[in-house]
Amino acid sequence: MASAIKTAAQSVLAAATDNAKIADLQRDIQDPSKRPTKSLTTDHGVFVSDTDNWLKAQTKAHVGPSLLEDQIGREKIHRFDHERIPERVVHARGAAAHGYFKVFDNSASKYTYAPVLSDPSRTTPVFLRFSTVQGSRGSADTVRDVRGFAVKFYTQEGNWDIVGNDIPVFFIQDAIKFPDFVHAVKPEPHNEVPQGQSAHNNFWDYVGLQPEATHMVMWAMSDRGIPRSYRMIQGFGVNTYTLVNAEGKRHFVKFHFMPELGVCSLMWDEALKLCGQDPDFHRKDLNEAIDTGAYPKWTFGIQVIPESAENDFDFDILDATKIWPEELVPMQVIGELVLNRVVDEYFTETEQVAFCTSHVVPGIGLSDDPLLQGRNFSYFDTQITRLGINWQELPINRPVCPVLNHQRDGALRHRITKGSINYWPNRAAIGGPVPTQEGGYYDYPQKVEGVKQRYRGEKFNEHYNQAQLFYNSLTEYEKAHLVSAISFELSHCDDPVVYETYTKVMNNVDFELTKQVAEKVGGVMPSEPARPNHGKKSATLSQLYYKPKEPTIKSRRIAILLGDGYDLAEVEGLRAAIKAGSATSWVIGPRRGRVYPKGEKGGDVGVWADHHFEGQRSTMFDAVIVPSGDHAATLAKMGRAVHWVREAFGHCKAIGALGEGVKFVHDALHVPHLRFAHDLHSNDVVVAYGVVTAGRYDAGSAAADVLKIEQNAKGFISSFALEVSKHRCYERELDGLVEMVAY
């Protein structure tokens, strides 16, 4: 019966994750475990009898020279020597997954005739690659950086790529400046330092001399720069695109993806530690969520401006350093994107996938955005360098729709085209153009006029209004984190010219912000604002705006700290409740292996610890629980177990404790005025600054405590889940409790 249920579940999962692109990839996928023969061969198909010894001229007593004639040895080494391809100049470190995209209705048909955006009967396969920008392939996931958010839509009309980021603006306005920006942010040329971060002289020197970067610097130094998960970031197309409808009318458009789980970030201390403790944290998190059925999901929205209203704003809508405030251009949610399948092989999918901003389909077009214009050239060019001229024939890049043209040859050509025709026009009428009314790409007849010159429009020369808007819109804790982030970065700049210059730039954004940073880094302390702060706000710029409408702990990782002598029934009840909330629980104990409950010394009774205290740290989890039992006294004598609780508290995470576990948490933190439940015979729940405690959690308590995540929850697990659903308790930080604890 269990086997049948498992098989049925696997069939459901296969059906859920299958789509036209997955089917297309099957012809290139081989599973060695399912081949008729599992024997080793050369690349030309000959069985290999020995793969451990090079062919040599030798005797049993004497090792002689290796022979060049050994084709098997030479092939093995040659292939190994050429396994690497040039890594991406930027966005080198990435993770990706397959999924699907679907619109809810045809509401966007008034803007575009592209079926991918207007036909609700369609389900479009997608491949989404996340990435960091500055670091190499070997850098860490949790560095402070922009995150790439690049989506390939395999539509029936061809591939459409949105090559975006998790931040809606960029550092520069014109693509010609991109080489300078990348040179400045990358490791400095004389010593190749630093890796994976912007905290160095060259980056801050550059942005200090380029005021147009100010808005983007505010975003990058905010909590957006250190996301908790790829699943908890927004995605933005960044550039301005266009949509054309069936009547031939054009609109300008911005593309947005909003995560189901909200926009959540790490704490800076936590991000720094994870860089060393688990540098693959984000990519592992993505795979874990998909493998456990907690599929990452984003709603898809568009902001649309009629062509006639292009000049109706005090900013240029083609300026990539500006957002379109939603108070001026409302968001229209029209669809959703879901990731439901991990890659089969990293290199051939995640590494070889290639995106181009110029890849659009009929009904979607480009604009005169100066950054986009240069990206359209650059992306195609860089894919040729990395993958060769036939890069679009690679399995992960090829469309699912038919492809026919007269492009031929080139290195590593895959497609074999029969016949004598490789040109147009031809006598057989093969491969001719398709009229626009039959599906050919429609180029909007845009009127173009101007004088050939190197010039930037007047609206492009205003750089601080939206930087102020962003800063003003942050919560108090987000502002505090921004101050700390800029202060950290500038403290790593050892050239006074650099940090003094940037504090002057910041004074154009906010006077108080500048004073706080200048005091920390030794910058220029201003006596008055360089310009007044206009005081305007936009609610959608704070991460808090995107919290889930219904509280959820879906996919949250909850650590249960145990030693020998805990209450087994209590732990089993807690784990069942956590699972009911679609979160995962992980037992951390003194050893990997069985941890024994009260009254047991061995055997098969008890729970299995997934990790020992030194093997994992609190940084890798969203919350911590210490159950009741005599084991709490043992934990109190273990410095690392104590540190688990202190560190989780310092990172503003939810902490739960029951019975004897309450005293352990109380003594570990030793924070005055933090309230705890001290009556071991009462099941009354006390919640204080995200610390949830109760004296007793017996069978009766568990039975009554049905997981219900709401504000007035009474039971322990429901109260704890509510605190976990908030992501972090930042009041703990604002009220000074965090700085009372060393972690």
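Trainee: At roughly what angle do the axes of α5 and α6 cross?

Mentor: In this predicted model, the contact joins Asp 180, Phe 181, Ala 184 and Val 185 of α5 to Asn 202, Phe 203 and Tyr 206 of α6. By class, those residues divide into five nonpolar, one polar and one charged. The two axes come within 7 Å of each other, and they cross at roughly 140°.

Trainee: Which elements do the buried residues of α7 pack against?

Mentor: Helix α7, residues 214-221, is mostly covered, since eight of its eight residues are buried. Among these buried residues are His 215, Met 218 and Trp 219. The elements they pack against are α6, α12, α13, α14 and α15.

Trainee: Which elements give two or more residues to the lining of the second largest cavity?

Mentor: The second largest cavity has a volume of about 130 Å³, and 13 residues line it, with Asp 145, Val 146, Phe 171, Val 185 and Ser 198 lying nearest its centre. The elements that give two or more residues to this lining are α5 and α7.

Trainee: Which strand gives the largest share of the lining of the largest cavity?

Mentor: The count comes to six cavities of 30 Å³ or more, and the largest has a volume of about 170 Å³. Of the 18 residues that line the largest cavity, the closest to its centre are Pro 168, Phe 236, His 256, Gln 303 and Ile 323. By class, its lining divides into ten nonpolar, six polar and two charged residues. The largest share, three residues, comes from strand β7.

Trainee: Is Asn 245 buried or exposed?

Mentor: Asn 245 is found in the loop between β6 and β7. Leaving aside neighbours within four places in sequence, Asn 245 is in contact with Ser 109, Lys 110, Tyr 111, Thr 112 and Tyr 113. A residue under 20% relative accessible area is called buried, and because Asn 245 has 4% relative accessibility, Asn 245 counts as buried.

Trainee: Which element gives the most residues to the lining of the largest pocket?

Mentor: About 1,600 Å³ of space lies in the largest pocket, which is lined by 41 residues, with Gln 30, Asp 43, Arg 79, Glu 345 and Thr 348 lying nearest its centre. The elements that give two or more residues to this lining are α3, α10 and α11. The lining as a whole divides into 16 nonpolar, twelve polar and 13 charged residues. The element that gives the most, with four residues, is α3.

Trainee: Why is one side of β15 and of β18 left without a neighbour in the sheet?

Mentor: The open sheet has seven strands in the order β15-β12-β11-β16-β17-β19-β18, with mixed pairing. β15 and β18 stand at the edges, so one side of each is left without a neighbour, and the reason is that each has a single partner strand.

Trainee: Which residue in β19 does Ala 688 stand opposite?

Mentor: Strands of a sheet pair through backbone hydrogen bonds, either parallel or antiparallel. Here β18 and β19 pair in the antiparallel sense over four bridges. Within β19, the residue that stands opposite Ala 688 is Val 691.

Trainee: What angle does the direction of α21 make with that of β17?

Mentor: Helix α21, residues 716-725, packs on the sheet, where this helix touches β11, β16, β17, β18 and β19. The direction of α21 makes an angle with that of β17 of about 165°.

Methods
Residues numbered from 1 in each chain as written. Predicted model: local features only at pLDDT ≥ 70, side-chain atom pairs only at ≥ 80, totals over all residues. Heavy atoms only, no water. Buried < 20%, exposed > 50% of the residue type's maximum accessible area, 1.4 Å probe, protein only. Contact = heavy atoms within 4.5 Å. 1 Å grid on protein atoms, 1.4 Å probe; cavity = no way out; pocket = protein on both sides within 12 Å on 5 of 7 lines; lining within 4 Å. Points joined across faces, edges and corners; volume = space filled by probe spheres on them. Nonpolar A, V, L, I, M, F, W, Y, C, P; charged D, E, K, R; others polar. Axes fitted to C-alpha atoms, helices over the stretch in contact; angles between N-to-C directions. Pairing = 2+ DSSP bridges.
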